[in-house]
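Student: I would like to learn how to read a few features of a structure. Could we take them one at a time?

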Amino acid sequence: MTQTVSLSFFRFAGPFARIWALTMMGGARLPLSRTPDIGFWKLCGSGTGEGFTPVPNTAVYAILATWPDAETARARTQSGVFARYQKRAAESWTVFLQTQTARGEWSGQAPFTVGKTDSAGPLAALTRATIKPHIAARFWRRVPNISEVIGQDPNVTFKIGIGELPLLHQVTFSIWPSQKAMDGFARTGPHAEAIRAVRDEGWFREELYARFAVHSDRGTWNGTSPLAKLEAT
């Protein structure tokens, strides 16, 4: 069996749905922990715009989880607490991933198990970091430049910034058509400069970097599957 990672996004419309989603940042923890077959999991909020800001977006939330295989992942993310989120959400989208590389830790754990995956298709990149408090202002000054560049990159299929705690616990997630396209963004411009600063100045207390093969998806985001852009090329 190959571990499958699910990343589910939910968009909520209207004040009552958004209040419900906010309360579920605490209320969903127990039912998630009791979900059959679930491994590592995290509840995340998002920033305004495409998420790459420290200002919370009360409309968009995400759940990341690991599962023993793709069939289990697809079944479990349609039941239990996931179904409750989908019922309340105006829109939801889940992407299923299989890990190609991973290094670092998330909350003291190495959550992703590298398996045998097809590297010919689209890839996803996830970074997660705990920012040192005294570095936070410097970090967030870098983000607008990175966000602008990734937004202008014609190769990026999907991108979002999410996090467990505003300002200090940050996750970035993006999907690319190929390794070449992903590397072209990561190794040049503001992103490459930020990576050098991370290494030279020690910005992060904890960090994790992972690359995934995109297995499949379900649902829509902004009215369509983000993977449809890949199928059209």
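Student: Is Q98 buried or exposed?

Tutor: This is a predicted model, and the values are computed from it. A residue counts as buried under 20% relative accessible area. Q98 has 14% relative accessibility, so Q98 counts as buried. Its place is in strand β4, residues 91–104.

Student: Which residues does Q98 touch, not counting those up to four places away in sequence?

Tutor: They are T2, Q3, T4, A70, T117, F212, A213 and H215. With T4 there is also a polar contact between the two side chains, at 3.5 Å.

Student: Which residues of helix α4 are buried?

Tutor: In α4, residues 80–88, they are V81, F82 and Y85. They cover an arc of only 105° around the axis, which puts them on the same side of α4. The face turned away from that buried side carries the exposed residues G80 and K87. Among the elements that the buried residues of α4 pack against are β1, α1 and β3.

Student: How is a pair of aromatic rings described?

Tutor: By the distance of the centres and the angle of the planes. This structure holds 14 aromatic pairs. In one of them, the rings of F9 and W221 have centres 6.0 Å apart and planes at 55°, so the pair is tilted. F9 lies in strand β1 and W221 in the loop between β8 and α8, 212 residues apart. Both F9 and W221 are buried.

Student: What sits over the ring of W221?

Tutor: The charged end of R11, 4.0 Å from the ring centre. Ring pairs also link W221 into a cluster with F9, W93, F158 and F173.

Terms used:
Residues are numbered from 1 along each chain as its sequence is written. This is a predicted model: local features need pLDDT of at least 70, side-chain atom pairs count only at pLDDT 80 or more; totals for chains, interfaces and linings use all residues. Side-chain values use heavy atoms; hydrogens and water are left out. Helices (H or I, at least four residues) and strands (E, at least two) are DSSP runs, numbered from the N terminus. Buried means under 20% relative accessible area, exposed over 50%, partly exposed in between (1.4 Å probe, protein chains only). Contact means heavy atoms within 4.5 Å. A polar contact is a pair of N or O atoms within 3.5 Å; within protein, one must be able to donate a hydrogen and the other to accept it, and residues adjacent in sequence count only if both atoms are side-chain atoms. The arc is that of the directions from the helix axis to the C-beta atoms. Rings of Phe, Tyr and Trp (its six-membered ring) pair if their centres lie within 6.5 Å; planes under 30 degrees apart count as stacked, over 60 as edge-to-face and the rest as tilted. A charge sits over a ring if NZ of Lys or CZ of Arg is within 6 Å of the ring centre and within 35 degrees of the ring normal.
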